[in-house]
Amino acid sequence: MAEGIRDKVAVLGMGCTKFGERWEASAYNLMVEAFVDCLADAGIEKKEIQAAYLGTHFDEVNVSKGATPLSMTLRLPFIPVTRTENFCATATEAFRAACYSVAAGVYDIVLALGVEKLKDTGYGGLPDITSVDGFMTGCNATAPGAFAQLATAYHKKWGVSMETIKDAMAHISAKSHANGAMNPKAHLRRAVTEEQIKAAPMIAYPLGLFDCCGVSDGAAAAIVTTPEIARSLKPNQDMVKVKSLQVAVSSGEEAGYTAWDGAHFMTTRVAAAKAHEEAGIKNPREEISMMEVHDCFSITELVTMEDLHISPKGGACDDVLNGFYDLDGQVPCQVDGGLKCFGHPIGASGLRMIYAMYEQLLDRVPEERKVKNPRLGLTHNLGGTPAWNVCAISIIGKD
Amino acid sequence: MAGICSYGGYVPRYRLNRGVIFGAIGWVNAANIANARGEKAVANFDEDSITMAVAAGIDALGGIDRSKVDGVYFASSTLPYKERLNAGIVTGALGLEDQVRAADFTGGLKAGTTALLAALEGAESGRANNLLVTAADSRLGKPASPQEMIFGDAAAALLVGKEGVIAEFKDSYSVTYDFGDHYRGAHTKFDAQWEDRWIRDLGIDQFIPEAVNGLLRKTGLQVGDFAKVIYPVHYPAARKKLAKVLGIAPEAEQTNLQMEVGESGVAHSLVMFVHALEEAKPGDKILVVSYGSGCDALYFEVTEEIEKVRDGRGISAALANKAELDSYTKLLVWRNILPADFGKRSEEDHWTRFSAVWRIRKMLLGLYGGKCTECGTPQIPAQDICVNPECGAVGTQEPYRFSDKLGHIASFTGDNLAASPDPPAIYGQVEFEGGGKFMFDFTDCVLDELSPGMPVTMSFRRKYYDEARDISGYFWKAVPAKEVK
């Protein structure tokens with residue numbers, strides 16, 4: 001009988017670069033920056049790393065395929081290195097693989113590193129990845145347009161007015177800007193008002209500029225090990241352990257079968273239920289201390305609050321507008337600024353989110369952006385579009 | 001006796017007031033003010049002769065079993081492909097069987113009536129039945145030229161056969177001349193013409209009477225016997241003169257739609273014919289004359305069956321579906337005359353893999369998906385394994401055509417980030433009545449007028465144009481409709 005991942009793996013160290021338009025840095029520079037940060041935190045030597053996983057998504061504009069970009073950049077000494085790729089869940093997949101390697105008892109100390117260099121396209125938004133079939137039959141769609149449709153479908157499904165949805169979306173973005181403004185590693189560090197957000201130029205109806213996350217360069221890394229080794233290496237520090245790791249991937253039902261309403265993520269609902277169970281969480285609304293969710297667009301964050309089984313279905317706008325997810329709310333969300341302001345280098349984001357939870361759990365953040373007494377932190381990635389996607393959820397915590 | 005069994009028409013939704021053209025570029029040629037009256041129909045950026053011919057063909061095939069169609073003759077002087085059968089693309093888009101005869105008719109502007117004659121004579125021979133003739137044109141005049149004002153985009157379609165004939169084909173008379181009044185070389189984008197006076201005095205004043213009189217002599221009829229006479233001449237003075245010379249009564253003169261559509265080249269005499277059939281009464285004799293490198297004159301007599309196809313199909317309905325194109329520069333940009341900057345994203349290169357096109361041809365051209373024989377779920381694309389999570393049967397998909405199904409908007413957006421020739425790119429999820437859903441580009445619509453649940457019909461459009469390789473790629477888009485026929 002499978003037991004799940006709960007408490008079998010500890011996070012020994014983490015690192016994260018500054019995210020942003022890193023014109024001066026290549027993906028290779030970013031990998032080194034995150035790795036050096038991570039290795040110092042772990043307090044070990046490079047030669048103690050027994051295996052590594054590289055997460056990176058856009059090989060078209062980035063480091064190309066395979067695992068050699070990581071091994072050759074970090075000069076890893078002929079150890080097993082594997083590349084993971086799964087849309088925006090890419091880094092969480094690298095982390096999951098590293099954790100499973102340790103939990104399986106195959107390796108003691110494993111590195112997971114996610115990196116993305118997006119700002120080499122010459123245009124805004126994500127790079128074009130239209131496939132051979134996609135450009136013949138797919139829409140002339142971009143990410144904001146694909147996710148924007150959640151809003152019209154949500155309006156149709158729940159009868160919530162577009163005005164209320166826009167108010168909630170504006171609150172979501174304003175909150176993330178406020179959090180990001182306090183974070184020196186964040187891409188976008190300017191607080192904006194809800195009025196400014198609503199007055200911004202339209203990107204894809206009803207999403208304005210401030211409803212869309214940053215397109216950023218960056219890298220993040222984790223070194224994981226067994227709880228026993230973590231305890232022996234860091235006897236005087238709180239131990240951050242992995243409580244659950246879940247992934248759910250679309251079957252194609254959403255895109256091709258009329259049962260799906262277009263107003264929620266089927267994958268997230270499945271992955272979240274399994275993650276809560278794996279972590280032993282009975283009531284996520286009460287037990288989750290804080291979250292980093294996939295706020296690629298404000299509307300994504302809005303519906304995700306329901307799909308994570310925290311806000312009632314059709315009731316996320318109320319929670320959002322009541323401040324439930326604000327930094328001083330009951331379940332602070334996007335405490336580091338989120339994809340919205342910390343930035344979203346696709347293949348690094350999953351590890352960046354875990355990093356945000358990790359630094360809160362270890363009480364390493366300044367007072368102004370500290371979550372009170374955090375115990376469990378949840379991270380959530382959603383890659384693809386609402387109609388077909390990959391969802392990854394991780395929960396880490398300290399006992 | 002062979003004849004017309006059904007008709008269809010198409011006029012693109014956009015109309016450009018000729019005064020807008022003159023206001024923008026009339027300074028080049030002040031005399032062009034004489035042409036700056038009325039409106040011209042302008043194909044949207046995602047339309048061309050193939051898509052307009054398909055639209056007219058769908059109109060003509062309403063209520064008709066498509067498996068009964070034996071052939072498709074497509075006439076146009078603006079064929080998107082010199083090699084690759086344009087009529088083959090039309091055939092696929094109309095969802096016809098693979099075992100049909102199809103041909104392109106092109107060159108002179110009388111190609112439309114010549115295609116019609118070929119179909120009529122084929123049907124009369126008894127060796128083919130239900131031949132669809134479709135004609136479309138989208139000719140370009142140079143900016144500031146008279147042709148830019150005069151030409152308009154439109155299409156017509158006529159189903160030809162021997163059963164359920166609404167207009168019997170009685171006789172014809174043709175003349176052919178190598179007459180370079182208008183010409184376009186194989187590598188030339190714009191129409192060129194010789195002097196108007198020569199075109200009028202020699203071409204129109206001589207060839208049309210020659211064809212008409214030839215037909216009258218052959219049949220023993222008088223011009224006065226015809227309820228409608230159709231001749232595509234845009235010069236107002238030349239039309240008057242011809243009417244006088246031939247003795248055409250004012251009520252018999254079929255409008256040339258110059259103020260509403262413009263001259264639609266190869267399609268034009270058939271567009272006028274379809275327009276005439278919409279109002280025709282049983283027993284009416286109709287004379288259809290084309291003009292361009294000579295003339296064809298065709299004589300039809302309307303039957304009692306005409307009442308059966310009077311269901312709103314034809315040119316008038318398309319004419320009524322109208323939106324003003326408020327910008328001359330849109331026309332220039334859409335026709336690739338003015339090179340606008342759509343940003344780096346628009347420069348991403350995608351090349352057509354024809355082996356992949358072949359594999360998905362039924363979906364690309366006919367919007368075929370599948371219907372599961374186990375659970376009955378319609379789905380698109382038709383994958384090997386049924387999409388219904390309760391079913392999941394393998395290899396049970398039967399072809400199921402979505403192009404004629406009514407859909408409803410499930411979700412939508414207007415995307416300003418996407419590189420589109422007409423931003424914002426509007427698209428969304430469509431749920432079909434009877435089952436099945438897909439995310440489509442929307443076209444011929446305004447973002448502000450959309451709402452979830454709104455009905456949509458499917459329209460065959462040019463999905464992309466690969467300028468580097470001169471490839472037009474086609475697929476279906478959703479057209480939101482306030483009212484559905």
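How many helices and strands make up the secondary structure of chain B?

1. In this predicted model, the secondary structure of chain B comes to 12 helices and 22 strands. Its 485 residues would give a compact globule a radius of gyration near 23 Å, and the value for chain B, 23 Å, agrees with that. The C-alpha trace of chain B spans about 75 × 55 × 40 Å along its principal axes.

2. Buried residues account for 59% of the 485 residues of chain B, and the chain exposes about 19500 Å², of which carbon and sulfur atoms supply 50%. Among contacts in chain B between residues at least 6 apart in sequence, 73% join residues at least 24 apart.

3. Turning to chain A, the model gives 15 helices and 11 strands. The radius of gyration of chain A is 20 Å, close to the 21 Å that the globule rule gives for 399 residues, so chain A is as compact as a globular protein of that length. Its C-alpha trace spans about 55 × 45 × 45 Å along the principal axes.

4. Of the 399 residues in chain A, 64% count as buried, while the chain exposes about 13800 Å², with carbon and sulfur atoms supplying 52% of that area. For contacts in chain A between residues at least 6 apart in sequence, 78% join residues that are at least 24 apart. There are 37 positive and 48 negative side chains in chain A, and the centres of the two sets lie 3 Å apart.

5. The cysteines deserve a separate remark, since the count of disulfides over all chains comes to zero under a cut-off of 2.5 Å between sulfur atoms. The sulfur of Cys341(A) has its closest cysteine sulfur in Cys213(A), at 9.5 Å, which is too far for a bond. Cys391(A) is likewise in no disulfide, and the nearest cysteine sulfur, that of Cys88(A), is 11 Å away. Cys341(A) counts as buried, at 0% relative accessibility, and Cys391(A) also counts as buried, at 0% relative accessibility.

6. Cys99(A) lies in helix α3 of chain A, which covers residues 90–103, and it is buried, with a relative accessible area of 0%. Leaving aside neighbours within four places in sequence, Cys99(A) is in contact with Ile5(A), Val9(A), Val224(A), Val242(A) and Leu245(A). Cys99(A) and Val335(A), by C-alpha positions, are 24 Å apart in space and 236 residues apart in sequence.

7. Pro69(A) is found in helix α2 of chain A, residues 68–74, and is buried, with a relative accessible area of 8%. Beyond its neighbours within four places in sequence, Pro69(A) is in contact with Tyr28(A), Met31(A), Leu54(A) and Val63(A). Although 42 residues separate Pro69(A) from Ala27(A) in sequence, their C-alpha atoms are 9.0 Å apart in space.

8. Helix α12 of chain A, residues 298–307, is mostly covered, with 10 of its 10 residues buried. The buried residues of α12(A) include the charged side chains Glu301(A), Glu306(A) and Asp307(A), and among the others are Ile299(A), Leu302(A), Val303(A) and Met305(A). Just after α12(A), His309(A) takes a positive phi of about 65°.

Key: Residues are numbered from 1 along each chain as its sequence is written. Chains are lettered from A and ligands numbered from 1 in the order in which they are written. This is a predicted model: local features need pLDDT of at least 70, side-chain atom pairs count only at pLDDT 80 or more; totals for chains, interfaces and linings use all residues. Side-chain values use heavy atoms; hydrogens and water are left out. Helices (H or I, at least four residues) and strands (E, at least two) are DSSP runs, numbered from the N terminus. The radius of gyration is taken over C-alpha atoms; the globule rule is 2.2 Å times the number of residues to the power 0.38. Buried means under 20% relative accessible area, exposed over 50%, partly exposed in between (1.4 Å probe, protein chains only). Contact means heavy atoms within 4.5 Å. Accessible areas come from the Shrake-Rupley method with a 1.4 Å probe; for residues, only the protein chains shown count as cover. The place of a charge is taken as NZ of Lys, CZ of Arg, CG of Asp or CD of Glu.
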